[in-house]
Every structure is written in structure tokens, then in C-alpha cells.
Amino acid sequence: MAFKIGAVYRITNRYLEIIHDKDIFSKPISSGNGLHIVGMLNSYVSIPLFNSQNAIGIIFEQLEPSKEREVLFSPKSNVIISKIRLIGTFNPINNSFKRGIDFFPTLDADVFTVEEKQLESIYNSTIKANSATLQIGNDIYFNQVNINADPNILFGKHCAVFGNTGSGKSCTVTSILQGVYLEKNRLLNTNNKHLKTIIIDSNEEYSGIFNDENGQPSWVVLKDYSDLELSHKDLSFYELTQLLKEDSPNVIPYLKSAVKILKGVENVDEKIYYEFSQLQIEIENAVPLIDNRGRMVPDTFTIGFLKHIIMRIKHFSSDERFNAVFNKAGNSIEDFLNSETETVLILSLRVANDILALLVYMISKSIFNYKSNALNREKDNILFVLEEAHRYISTSSTDQINNYYIDKLAREGRKFGVNLMVSTQRPSEVSNTVISQCNSLIVHKITNNKDLEFIRNTIEYDDKSQIDLLTSLKQQQALVLGEAFAFSSLIRIADANPLPHSETPKIFTND
């Protein structure tokens, strides 16, 4: 039921102001989520227009005007004013909502609360009839009002999930993935899912999110860094020089010669496996010999300027944490993408940031090369979930190759059927190229001033006052905005079950 809560008394290009009807304003009424206050901050209002449609707005500020000095002690009823940001137009005849305003309300126009059935139509106005729909959550005050997104837009045009640790960020990622792959009755109007998902699980949180009473489903593959194969044979010669941090014209010929010998071909970019540790031997074998008191010995001067690259080769070939790249010949990503039975690949990569960055680089390169191949364009789309993204695609990275393929996937992946879901607690530290390409956002509680300022300056949103809400959100509450949603709004994210392994550990107990 809709209630009249006031009337319009001021109109500007940016917002309306209304004077509230004291008989109903601030009175508690029953809703699907218990009692709530009529006309409270962040609630929606409806204002009739001359063309039988209704302007829909949201209350973003409330105040009691200052009294003039001379009337401070005069008897006068208090006045409450709300500022309304208009978000669109609702047509009650066909029950449809259109974002944006063609006509403004008039002065003295009555202002009403929005009925629940209208609210659901407004929230889900971007969803076309009989098209794929994914329920993301519910209205904060009316929990029977579902908030849906078009999954073809949510995934197809990249999305991001932001939030402080403990704000529900991992549960949101889990909830969305479970809504897609498990029988949760949240993915509607679709009979086929042409989607494979690869999850970078850098904190080992997601290993059991698809499990049921029978354990892990057969379509889920779980690998840690010791099981992974991302061979160095897939690196171009330029990438190899960047990885070895070597660009000296005195050293490059030695490296190129060694690679040619080990591959047995003239093309150094040919994808042929070789023992990486043998690079050191071949480079040392190429050092010229000089006469030293009748004995031919390696030239110490040449060995001196080759010392850096030799040490880097030793570092990668002797550290078992890099085995996935420098001691393996296969490609786990291609194997997964070519599989007809495997749908989700969870990569538990709890390793140091420098190792993680290299592994993610190799994974993203494998995905890009696979899907940019014309033979694979029509195969299943790929959802690439980048959990804790600030750890390996940071803006502060000095490594020229770390972000290269992630940035390419962000800019060009949509054409090839590669979609990103970026999850981070520090959005200001993630590559701007990646964040700017995410057309839909789910933002949980954020308190860091640098991150808040980044969101203000980088992300398109309807009103700056919404960003101020981010510091006070409860766990599981989020601000959703972007193309997949009708308009930016606060919602409660749908429950995840099973939960990811991200609970705050108990320090003190009474056991």
C-alpha cells in the first residue's frame, strides 16, 4: 500500500525538495522485513506526473530548516524536508520502469511511498521478458522483493566486487557462482549455460563452495600450485627476457643462442619444451676461452656481465615454487578448456605475490591465446574470477609483463567470450585499465579514504552521497550499480551455502 508522505515545494535540475506530511511521516509500518519507517533515508518515493506516469526518486538527505532568529520563541510547528534524487519514470499501466526523467513533477505535487509490487518492477526493469535472469539479492527493507541482474551483461561486460575484509565480499562471489551452477532457483529463463569458470583462489577460500553431501561434484576441478602446469615453452623470447630482467645487448645474443640450441630451431618463439636449467649451461658454454698461462679458460670479463642472467635462471629453476612454469611441459588451462565434462576450475594458489603474479600471467595468457584462436571462438564463454586482485595486478607493479594479458582481457576479452569478475579489498591498488572496464559493480563496506576517493573519481554513479553510505554498510549489504542493474541501490546479497572458508577465526572461546 502506498502512503502520501508530503508535497513538492522546490524543484532544481539536480534534486527536488518535499515538505513532509507529519501525520504519516516517520511512522513505523509493517514490511516484509519487519517494521520500517515511512519516508526514511534511502527509501523510494513516487510522484504523479501530468501524463499518468510517476516519477520515481530516492530520499538522500533530510533536514529541519533553521528558524529565523526573531521567531525562535514563536509557536510554530516543526517542518521536515527531504531531498529527492529522481532516478526514472514508472508507467503504472504496463507496469514498466524507464531510467531517466523526461518530465519533472510540478510544485505542490503529492509525494507517495512506492508499493512493493512497483518496487520489484523498478528493480528488475533492465531484464527483458523471458530472458536469462540471475537473482543477486533482495531489497533491504522488503526481503520478498528480489533484486535481479541480467547475467549476460553482468558477466559479459565484466563485473567487480569491492569490500573490506569481513564485509561479505567472498560470500558475494560465492553466492553469485552458486546461483549460476547450483540448483538455487536463482538462475531463471535459461536451459543452457555456455560458461566455464576459472577461479584464482589466492587464500584457499573456495575449495568447497560447490560441495554437497556427496562431496565435490565431478564437474569441479581443484588444483594447487604443485598440480598446475603452465610451461615456460609458451613464453615468447621477449617475455623470457622480461622475466629474467635482462635487456643488455651484450647478454641477449648469448640467451638467444642458448634457446635456439635447446629448442633445436632458428625461431626462438617456437613452442618447444626444453629443460630450463640447461639455459645456464648453454650460456656458460658459449663464453669465449682465453689463454691464461698456457691454459684456455673462460673469459672472466664475459662471465662478469653474464652473472646476472645466470643467477636469475638458477633462481627460477631451483625454486620448487616455480615448478608449475619451469619444470612442467603441459598446460592445465588448455586441458580444462578442452574438457567436455569439467566446468569449474578452482586454482588454490596460496603463494608469495611474486610467484602468484607469474602464475596469473601465464594463466591469463593461456586463456587469451585459447579464446583468440578462431577455432575456439564458438566454444563456451570463460568467466575468469580474480580474487584478491590487488595482490597480482597492482598499479604499483614494476614488472612490465605482469598486467599485460589481464589488461588485454579487460579491453578485448568480451569479443572472444572471456569475462572478468574482479574481487578486491583495495580497488585503488588494482590496474585502472581493469577496473575501468567493469560495467557492473557490487560494493560492500569500504572505510579506507584512498579507496573511497578512488571510487568517487573512477566509477560512474548516480549521486555522490551514495559513496558516503559505504562506510556504514552491514555485512552482506552492498551498493550495486552499473549496466546490469536498473539503477544504483542498496541491497542484501543472497545467502551463500556452503560458505567460503573466510570466517573470522575465534580468538577467545568458552570451550
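Modeller: Start with one term: a contact means heavy atoms within 4.5 Å. This is a predicted model, in which local features need pLDDT of at least 70, side-chain atom pairs count only at pLDDT 80 or more, and totals for chains, interfaces and linings use all residues. Residues are numbered from 1 along each chain as its sequence is written, and side-chain values use heavy atoms, with hydrogens and water left out.

Colleague: Among contacts between residues at least 6 apart in sequence, what percentage join residues at least 24 apart?

Modeller: Take the contacts in the protein chain between residues at least 6 apart in sequence. Those that join residues at least 24 apart make up 70%.

Colleague: What is the mean pLDDT of the protein chain?

Modeller: pLDDT is the predictor's confidence in each residue, from 0 to 100. In this chain, 91% of the residues reach 70 or more. Residues 68-73 stay under 50, and the model has one contact beyond four places in sequence for them. Where pLDDT is low, the predicted coordinates should not be read in detail. The mean for the protein chain is 87.

Colleague: What percentage of the residues count as buried?

Modeller: Buried means under 20% relative accessible area, exposed means over 50%, and partly exposed lies in between (1.4 Å probe, protein chains only). The protein chain has 511 residues. The buried share is 51%.

Colleague: How many helices and strands does the protein chain have?

Modeller: Both are DSSP runs, numbered from the N terminus: helices are H or I with at least four residues, strands are E with at least two. The C-alpha trace spans about 115 × 60 × 55 Å along its principal axes. The chain has 14 helices and 23 strands.

Colleague: How many disulfides does the count come to?

Modeller: A disulfide is a pair of cysteine sulfur atoms within 2.5 Å. For Cys171, the closest cysteine sulfur is in Cys159, 16 Å away, so that is too far for a bond. Cys438 also has its closest cysteine sulfur in Cys159, at 6.8 Å, again too far. The count comes to zero.

Colleague: Is Cys438 buried or exposed?

Modeller: Compare the relative accessibilities with the cut-offs. Cys171, at 27%, counts as partly exposed. Cys438 has 8%, so this residue counts as buried.

Colleague: How many aromatic pairs does the count come to?

Modeller: Rings of Phe, Tyr and Trp (its six-membered ring) pair if their centres lie within 6.5 Å; planes under 30 degrees apart count as stacked, over 60 as edge-to-face and the rest as tilted. Ring pairs link Tyr361, Phe368, Tyr404, Tyr405 and Phe416 into a cluster. The count comes to 19 aromatic pairs.

Colleague: Which kind of aromatic pair do Phe368 and Phe416 form?

Modeller: The ring centres are 5.5 Å apart and the planes make 80°. Phe368 is in helix α10 and Phe416 in helix α11, 48 residues apart. Phe368 is buried at 9% relative accessible area, and Phe416 is buried at 9%. The pair is edge-to-face.

Colleague: Which residues is Gly413 in contact with, leaving aside its neighbours within four places in sequence?

Modeller: Gly413 is in helix α11. At 0% relative accessibility, Gly413 counts as buried. Beyond those neighbours, its contacts are Lys408 and Val418.
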